[in-house]
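Morning, everyone. Please have the sequence and the 3D view open, and I'll take you through a few places in turn.

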Amino acid sequence: MKKKIAILGSTGSIGTQTLEVIEEHADKFEVEVLTANSNADLLIEQALKFKPNAVVIVDETHYKKVSEVLWEHDIKTYSGIEALAQIVEMEAIDIVLTALVGYAGLLPTINAIKAKKTIALANKETLVVAGELITKLARENQVAILPVDSEHSAIFQCLVGEFQNNIEKIYLTASGGPFRGKTRDELLNITKEQALKHPNWEMGAKITIDSATLMNKGFEVIEAKWLFNLKPEQIDVIVHPQSIIHSLVQFEDGSMKAQLGLPDMKHPIQYALSFPQRIFSKSARFNFLDYPQLTFEQPDTDTFLNLKLAYLALEKGGNLACILNAANEIAVEAFLNDKIAFLQIAAINQQCMKNVPFIEHPTLEDYIKTNELAREVALTLVD
Ligand code: NAD
Ligand code: MG
């Protein structure tokens with residue numbers, strides 16, 4: 001039996017790489033649903049090639065174009081944000097891979113869990129916004145959340161066979177991004193072109209900026225808390241510029257396990273789809289002699305304040321990480337539109353965390369309202 005996959009955000013960096021994995025293993029996986037925000041041409045191309053049952057183009061202005069091409073091929077087309085949230089409930093789907101960016105991942109993921117679909121989670125923002133709610137819902141519905149993020153996939157792989165054993169702590173590795181070692185003064189006039197050049201990974205624009213500000217690593221700390229049920233003090237970040245060690249677990253006997261390999265997102269994507277099996281991959285193999293030195297540094301959280309803000313959000317809990325995520329989405333977009341400077345991203349995030357009311361035990365409604373309010377507050381700081 002082939003596993004039937006729904007890819008939310010199939011036209012992005014993770015989405016297209018997921019399709020490459022599926023193509024390589026067409027005997028094991030098939031595409032049931034594809035969704036995209038506005039890239040209609042690529043969505044059509046993907047649908048014609050992979051023949052899903054249905055597609056969603058969220059931006060309704062492209063509906064006519066997509067549906068006109070696909071109806072002849074017996075592929076259903078839907079449009080709009082509600083369709084995105086509902087499509088995950090389709091009976092035939094086994095795995096929902098969440099490769100869309102930002103807060104938009106929250107409601108579809110909730111619905112997918114309620115419909116008892118296995119979640120392959122790339123959209124870390126879902127766990128940042130509402131990690132407590134999502135993990136509780138997954139437990140209640142006995143649904144597995146399999147990490148696609150490379151660091152979390154590494155931790156997950158280290159934990160296979162160790163479920164009885166206590167974790168002392170985990171180390172999330174960080175490349176340090178394009179501005180590792182820079183001072184605040186040197187970051188004053190960073191352009192978006194500079195920030196969009198990541199040394200080791202090719203990713204979508206938003207996560208690339210998040211990597212440059214270390215917001216991404218901060219979000220990954222929060223993501224790790226919820227995925228592996230850890231306390232903030234059990235999660236450490238270590239800068240490892242070569243991105244070969246993808247993360248490590250330290251057990252209570254002091255022993256450490258790490259997962260290594262060349263930086264290639266197709267590896268964690270494939271593992272999430274094939275779990276618990278490992279299946280062949282033709283991707284390039286690591287050669288020790290190409291990397292005679294693997295190095296490690298302490299992250300500079302005074303310069304890259306976002307990492308500190310994420311720990312603060314984790315320690316205080318409630319809706320604080322939801323506020324941080326919403327503020328950051330607005331700030332990153334403003335930076336990409338040349339409206340604010342690089343260092344203002346973290347400053348806006350910090351200001352929003354102070355200004356938006358704290359809720360200690362938020363409901364889903366509270367998260368939705370917090371997200372809206374934090375965006376409004378962040379927008380006033382951008383203009
Ligand atoms: P991307 O920008 O390349 O692609 C985003 C996809 O989501 C596109 O298909 C787009 O059409 C869709 N999308 C965007 N906004 C949407 C909205 N509002 N509603 C519905 N669909 C929307 O992003 P990416 O780099 O592939 O990242 C996707 C997710 O995976 C992010 O949460 C990111 O943090 C995470 N992630 C990415 C990588 C990576 O290597 N790219 C690694 C780890 C985790
Ligand atoms: Mg990562």
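**Cysteines, a metal site and a sheet**

Let's begin with C352. This cysteine is buried, and its relative accessible area is 0%. Keep in mind that we are looking at a predicted model.

How many disulfides are there? The count comes to 0. C352 is in no disulfide. The nearest cysteine sulfur belongs to C322, and it sits 11 Å away.

Next, the metal. Which residues supply the protein donors of the magnesium ion, ligand 2? They are D149, E151 and E220. D149 gives an OD atom, while E151 and E220 each give OE. These donors lie 2.1 to 2.2 Å from the ion. Along the sequence, the donor residues are spaced D-x1-E-x68-E. Are D149 and E151 buried or exposed? D149 is buried, at a relative accessible area of 8%. E151 has 7% relative accessibility, so it counts as buried, the cut-off being under 20%.

Look at one pairing in detail. Strand 8, residues 167-174, and strand 9 pair in the parallel sense over 5 bridges. For A174, the bridge partner in strand 9 is V239.

Last stop: helix 1, residues 13-24. It has 12 residues. At 1.5 Å a residue, the helix should span 16 Å. Its end C-alpha atoms are 17 Å apart, which agrees.

Which residues of helix 1 are buried? They are I14, G15, Q17, T18, L19, V21 and I22. In an α-helix, residues three or four places apart point the same way, because there are 3.6 residues a turn. What do the buried residues of helix 1 pack against? Their partners are strand 1 (3-8), strand 2 (29-36), helix 2 (40-50), strand 5 (95-98) and helix 12 (266-274).

That's my tour. Over to you.

Technical notes:
Residues numbered from 1 in each chain as written. Chains lettered and ligands numbered in written order. Predicted model: local features only at pLDDT ≥ 70, side-chain atom pairs only at ≥ 80, totals over all residues. Heavy atoms only, no water. Helix = DSSP H or I, 4+ residues; strand = E, 2+ residues; numbered from the N terminus. Expected span 1.5 Å × (residues − 1). Buried < 20%, exposed > 50% of the residue type's maximum accessible area, 1.4 Å probe, protein only. Contact = heavy atoms within 4.5 Å. Disulfide = S-S within 2.5 Å. Donors = N, O, S within 2.8 Å, 3.2 Å for Na, K, Ca; no water. Pairing = 2+ DSSP bridges.
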